[in-house]
Amino acid sequence: METRALGNQGLRVSAEGLGCMGMSEFYGPTDEQESIATIQRALELGVTFLDTADMYGPFTNERLVGRAIADRRERVVLATKFGNERREDGTRVGVNGKPEYVRSACEASLSRLGVEHIDLYYQHRVDKTVPIEETVGAMAELVREGKVRYLGLSEAGPDTIRRAHAVHPISALQTEYSLWSREPEEAILPTVRELGIGFVAYSPLGRGFLSGRFQAPEDLPEDDFRRYHPRFQGENFQRNLALVRRVEEIAGACQAR
């Protein structure tokens, strides 16, 4: 497995990471034992970069990942996130970037994961009611205390990235990016290149659509949020399916060469 540097602060991860969100929520039925086996097999194959968040489950995904890596922590670059605040019953509270919340969220994640430090700690979404300088300042305190090693942002715009990076080096920005999510190319990618920030693309297969697995909206379980996502509905689904077919044709032609 090849590796990649994220940022200029020393963080290095496997070129391919494993997003663990769907093992607990959002993408239909889950199986904890199969999920743990998947995580551990990924580590055996050289994947070191695992991604979770406190709001997945909520909270259950961090516990699952913690159990999966309990006896192999030294092999893992562990990323988790805070900021999309939820209650135990799943109720969504909103985006929270208040400094006091940053600390309490980190302490809770450390406990659920069963680890002494988080390798990469992301602000999951930017709280527009709190200056980014205050949020990142609180995150930087966690770095100084050894509870977090590197900082990241998710779905932040260029100006926010620059302001955050001026407070403490940001090692990674996580944003959706794939063959049909090209928006980051306009301003996000030039910004992170200029600042030396690593880019982590989530949903590189278009939330599974680009894999060719889905032929109709009904292929998705009732409790799968993608069933209600605009790109998976009605005429959008059919237009996107035609794009998938074109990608398959191009891939087939390349294989035949």
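## Helices H2 and H3

H2 and H3 are oblique to each other, a class that takes the angles left over once those under 35 degrees (roughly parallel), over 145 (roughly antiparallel) and 65 to 115 (roughly perpendicular) are set aside. H2 covers residues 60–69 and H3 residues 99–113. Their axes come within 7 Å and cross at roughly 45 degrees. Axes here are lines fitted to C-alpha atoms, for helices over the stretch in contact, with angles from 0 to 180 degrees between N-to-C directions. Helices (H or I, at least four residues) and strands (E, at least two) are DSSP runs, numbered from the N terminus.

H2 contributes Glu62, Arg63, Val65 and Gly66 to the contact. H3 contributes Ser109, Arg112 and Leu113. Contact means heavy atoms within 4.5 Å. By class, two of these residues are nonpolar, two polar and three charged. The classes are nonpolar (Ala, Val, Leu, Ile, Met, Phe, Trp, Tyr, Cys and Pro), charged (Asp, Glu, Lys and Arg) and polar (the others, Gly among them).

## Basis of the model

This is a predicted model, in which local features need pLDDT of at least 70 and side-chain atom pairs count only at pLDDT 80 or more, while totals for chains, interfaces and linings use all residues. Residues are numbered from 1 along each chain as its sequence is written, and side-chain values use heavy atoms, with hydrogens and water left out.

Side chains of opposite charge can pair when their charged atoms come close. The whole structure holds 24 salt bridges, each a side-chain nitrogen of Lys or Arg within 4 Å of a carboxyl oxygen of Asp or Glu.

One of them joins Glu62 to Arg112, with the closest N and O atoms 2.7 Å apart. Glu62 sits in helix H2 and Arg112 in helix H3, 50 residues apart. Glu62 is buried at 0% relative accessible area. Arg112 is buried too, at 14%. Buried means under 20% relative accessible area, exposed over 50%, and partly exposed in between (1.4 Å probe, protein chains only).

Asp51 and Lys81 also meet in a salt bridge, at 2.6 Å from N to O. Asp51 belongs to strand S4 (residues 49–51) and Lys81 to strand S5 (residues 77–82), so the pair ties together parts 30 residues apart in sequence. Both Asp51 and Lys81 are buried.

Glu248 and Arg245 form a salt bridge at 3.4 Å, N to O. Both lie in helix H7 (residues 234–256), three residues apart, about one turn of the helix. Glu248 is partly exposed, at 38% relative accessibility. Arg245 is partly exposed as well, at 30%.

Salt bridges also build a network from Arg103, Glu107, Glu141, Glu145 and Lys147.

## Cysteines

A disulfide is a covalent bond between the sulfur atoms of two cysteines. Here it is called when a pair of cysteine sulfur atoms lies within 2.5 Å. The count is zero disulfides. Cys20 is in none: its nearest cysteine sulfur, that of Cys106, is 18 Å away. Cys106 is likewise in no disulfide. Cys20 is buried at 0% relative accessibility. Cys106 is buried, also with 0%.

## Leu189

Leu189 lies in helix H6 (residues 188–195). Its relative accessibility is 9%, so Leu189 counts as buried. Beyond its neighbours within four places in sequence, Leu189 contacts Tyr177, Pro184 and Phe199. Leu189 and Pro158 are 31 residues apart in sequence and 9.0 Å apart in space, C-alpha to C-alpha.
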